[in-house]
Amino acid sequence: MLLLPLLLLGVILPGGDNEDVFQGPTSFHLMQISTFVNSTWAQNQGSGWLDDLQIHGWESDSGTAIFLKPWSKGNFSDDEVTELVDLFRAYFIGFTREVQDRVNEFQLEYPFVIQVTAGCELHSGEAIESSLRGALGGLDFVSIQNHSCVPAPDSGSRGQKFCALTTQYQGISDIIERLLSETCPRYLLGVLDAGKAELQRQVKPEAWLSSGPTPGPGRLLLVCHVSGFYPKPVRVMWMRGEQEQPGTQQGNIMPNADWTWTPQVHWLDICGNNSALLDPFDMSCIMALEALVISDYLVSPRRVFFPI
C-alpha cells in the first residue's frame, strides 16, 4: 500500500541527539520528485543534499545511487550502503505501483506530481531534529512530527485519510522510530567528518567593478561583481571611506560546478544629490565572508571608468 513505501523514505533519515557542533553544513535531506503522467508512465527523481550542496543522485532507469563525492558514503560500510540502495530501489518500485493503485481512492487526477523531503538537522545546541514532509502538486500534504503523521491544513480529506492509515501499522512505526533515532544522526555526523576537508575549505572570491546602465539624468549605477566564493554566507557593502552607503541591492546567488557560488552582484544607484556622483572613485566594494576568519575583501573602483 501507499503507506509503506512513503514511510520507508523517512526510515533512513531523521532524528536523535548529539552534542557535536560542526562549522559548515548542518543538515542532510533527501528529495524525491515523482511525476505521474498516466496510469502506465511515471518517473522518480531522487537526490541527497548537505544544506545546498548535492552529494547524491539517483539513476532512475537502473535503480542505482550516484555518489557525487568520494566521501558521500560517510562512515557507512559497503554492506550498509548496499542495503540502503536496495531499500530505495524497492521503495521507488513500490511507491509507483501503490500510488497508481490508489489514484481513485485518493481522488487524484493525472498528471500529478508528488514531492517528499526528509532529513535531519544538527542544531547549535544538543539535538538533531528530524523532519519529513510530503507535498502534492506543490502544496503541503502531510508531515511527520514526533513520529506522528500530521495532515497539512489544506490537504483536506486526502491528508486525513493517509494519516489514518498510518495508525494501522505499528510494526512499521517501530522500525521507523528506531531508524530515525540511529541511522540519520550517524550518517550526518559521519559524512560531515568524512568530507570535512572540502566542506570547511575557504575560497576567496574573484571580484570586479563596472558601471551599469545609466538610471537617468544625474544618476550613476555602480556594480560590484563577486564570484567563486565558499562558503555561501556573504555580506557585500558599498563604502565611502568608513561609511556604509544605504541602498545597496543584491542579485541572486547561484552554485558553480566546483561548489563555489556565483554570481553575487551588488549595485548602488547614486543620485545627483550624492557627493559620490562627483567622485565615484572614492567608493569601495567590501565583501565579508560571514562565518569565516578572513579579512574583508576590498575592491576599489580606481581602475574602472564610470561615465558621468
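Author: Happy to; we can start with the overall make-up and then go to single residues.

Author: One thing to keep in mind is that this is a predicted model.

Reader: Good to know. How many helices and strands does the chain have?

Author: There are five helices and 19 strands in the chain.

Reader: And what share of the residues is buried?

Author: Of the 308 residues in the chain, 45% are buried. The chain's accessible surface comes to about 16200 Å², and carbon and sulfur atoms account for 51% of that surface.

Reader: What about contacts between residues at least 6 apart in sequence, how many of those join residues at least 24 apart?

Author: That figure is 61% for the chain.

Reader: Let's go inside. Which residues have the most contacts in the largest nonpolar core?

Author: Those are Leu50, Ile55, Phe112, Ile114, Leu188 and Leu199, in a core of 55 residues. Helix α2, covering residues 78-101, gives the most to this core, with seven residues. As background, nonpolar side chains in soluble globular proteins tend to be buried together.

Reader: Pick Ile114 for me. What is Ile114 in contact with, leaving aside neighbours within four places in sequence?

Author: With those neighbours left out, Ile114 touches Gln32, Ile33, Ser34, Phe36, Phe95, Val99, Ala135 and Leu136.

Reader: Nice. Changing topic: how many disulfides turn up in a search of the whole structure?

Author: The search finds two. One joins Cys120 to Cys184, with an S to S distance of 1.8 Å. The other is formed by Cys149 and Cys163, whose sulfur atoms are 2.1 Å apart.

Reader: Start with Cys120 and Cys184. Why is that disulfide called left-handed?

Author: The torsion about the S-S bond of Cys120 and Cys184 is about -70 degrees, so this disulfide is left-handed. Cys120 sits in strand β6 (residues 112-122) and Cys184 in helix α4 (residues 170-194), so the pair ties together parts 64 residues apart in sequence.

Reader: Are those two cysteines buried or exposed?

Author: Cys120 and Cys184 are both buried.

Reader: And the other pair, where do Cys149 and Cys163 lie?

Author: Cys149 is in strand β9 (residues 148-151) and Cys163 is in helix α3 (residues 156-166), so their bond ties together parts 14 residues apart in sequence. The torsion about the S-S bond of Cys149 and Cys163 is about -60 degrees, so that disulfide is left-handed. Both Cys149 and Cys163 are buried.

Reader: I also spotted Pro185. Where is Pro185 placed?

Author: Pro185 belongs to helix α4. Pro185 is buried, with a relative accessible area of 7%. From C-alpha to C-alpha, Pro185 and Ile128 are 6.8 Å apart in space, while 57 residues separate them in sequence.

Reader: Now a histidine. Which strand holds His29, and why does His29 count as buried?

Author: His29 is in strand β2, residues 27-36. The relative accessible area of His29 is 19%, and buried means under 20%, so His29 counts as buried. Neighbours within four places in sequence aside, His29 is in contact with Ser47, Gly48, Trp49, Asp51, Thr117, Ala118 and Gly119.

Reader: Last one: where is Gln202?

Author: Gln202 is in the loop between α5 (196-199) and β10 (206-211). With 43% relative accessibility, Gln202 counts as partly exposed. The C-alpha atoms of Gln202 and Phe229 are separated by 7.8 Å, and the two residues are 27 residues apart along the chain.

Note on methods: Residues are numbered from 1 along each chain as its sequence is written. This is a predicted model: local features need pLDDT of at least 70, side-chain atom pairs count only at pLDDT 80 or more; totals for chains, interfaces and linings use all residues. Side-chain values use heavy atoms; hydrogens and water are left out. Helices (H or I, at least four residues) and strands (E, at least two) are DSSP runs, numbered from the N terminus. Buried means under 20% relative accessible area, exposed over 50%, partly exposed in between (1.4 Å probe, protein chains only). Contact means heavy atoms within 4.5 Å. A disulfide is a pair of cysteine sulfur atoms within 2.5 Å. Accessible areas come from the Shrake-Rupley method with a 1.4 Å probe; for residues, only the protein chains shown count as cover. A nonpolar core is a set of buried Ala, Val, Leu, Ile, Met, Phe, Trp, Tyr and Cys residues joined through side-chain atoms within 4.5 Å.
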